[in-house]
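The following exercises concern a predicted model. Each task is followed by a worked solution.

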Amino acid sequence: MSPNRANNLYRFFAGLTEYAFQSRIGIADPPLVEYLTDLLTRFVRLDAVLSLRSLAGRPLSEVAEMLLEAESRVGDARRQAHRHIGDFTLFWTGVYPEVLDRLQRTSRKDFFIDYCQQGKRSYLIASAIHTGDRDEEGEVLQRLSHDFELCVYGLGEVRREWERREPDAPAGPIVLD
């Protein structure tokens, strides 16, 4: 994706996210809105959704597998793995909840995983792994854990707003390869 196109996409999501959180649900939290904007911009690409990989390099598409991988890591790598699990669960529950039936069908390992509870837990674990003196990302991750359901609702509002603004857009997830 070209830098200009990526910048336009970021601005699009930034405007929608700020509007949804500030105007629709009354949350004025610039670091949180920025984090969610970045999440939406990153997860437009399928390679970002599946960026957590096993030691063998295989993309992990199930939270159960991601959890095993996260627990085998240490330090910042463990934090990034748990952060990704939080992002993954937040993205699907907030933006495309209709996909959860497929992600959690009986033939998959995620059948028994509660995405909301696991997302909250993973963000909390990630927030507790400190990477520096002033850990602003850790503070946002802690808020994401605490306010996970509110963020799910807010991301749903973001989606409703972009669908309202884009009446000719096709239905379903917008994920680029």
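**Exercise 1.** Classify Cys151 as buried or exposed, then classify Cys116 by its relative accessibility and state how many disulfides the structure holds.

*Solution.* Step 1: Cys151 has a relative accessibility of 1%. Buried means under 20%, so Cys151 counts as buried. Step 2: Cys116 has 23% relative accessibility and therefore counts as partly exposed. Step 3: a disulfide requires a pair of cysteine sulfur atoms within 2.5 Å; the structure holds zero disulfides.

**Exercise 2.** Identify the residues that touch the most other members of the largest nonpolar core, and list the contacts of Leu90 beyond four places in sequence.

*Solution.* Step 1: the largest nonpolar core has 46 residues, of which Leu36, Leu90, Trp92 and Leu144 touch the most other members. Step 2: with neighbours within four places in sequence left aside, Leu90 contacts Leu36, Leu39, Val95, Tyr123, Leu144, Phe148, Cys151, Val152 and Leu155.

**Exercise 3.** Locate Glu69 and determine whether Glu69 is buried or exposed.

*Solution.* Step 1: Glu69 lies in helix α4, residues 63-71. Step 2: its relative accessibility is 9%, so Glu69 counts as buried. Step 3: outside the four places on either side in sequence, Glu69 contacts Arg53, Ser54, Leu55 and Leu60.

**Exercise 4.** Describe the lining of the second largest pocket.

*Solution.* Step 1: twelve residues line this pocket, and Trp92, Val99, Arg102, Leu103 and Arg108 lie nearest its centre. Step 2: α3 (46-49), α5 (75-94) and α6 (100-103) each give two or more residues to the lining. Step 3: the lining comprises eight nonpolar, one polar and three charged residues. Step 4: the pocket volume is about 260 Å³.

Key:
Residues numbered from 1 in each chain as written. Predicted model: local features only at pLDDT ≥ 70, side-chain atom pairs only at ≥ 80, totals over all residues. Heavy atoms only, no water. Core = buried A, V, L, I, M, F, W, Y, C linked by side-chain atoms within 4.5 Å. Buried < 20%, exposed > 50% of the residue type's maximum accessible area, 1.4 Å probe, protein only. Contact = heavy atoms within 4.5 Å. Helix = DSSP H or I, 4+ residues; strand = E, 2+ residues; numbered from the N terminus. 1 Å grid on protein atoms, 1.4 Å probe; cavity = no way out; pocket = protein on both sides within 12 Å on 5 of 7 lines; lining within 4 Å. Points joined across faces, edges and corners; volume = space filled by probe spheres on them. Nonpolar A, V, L, I, M, F, W, Y, C, P; charged D, E, K, R; others polar.
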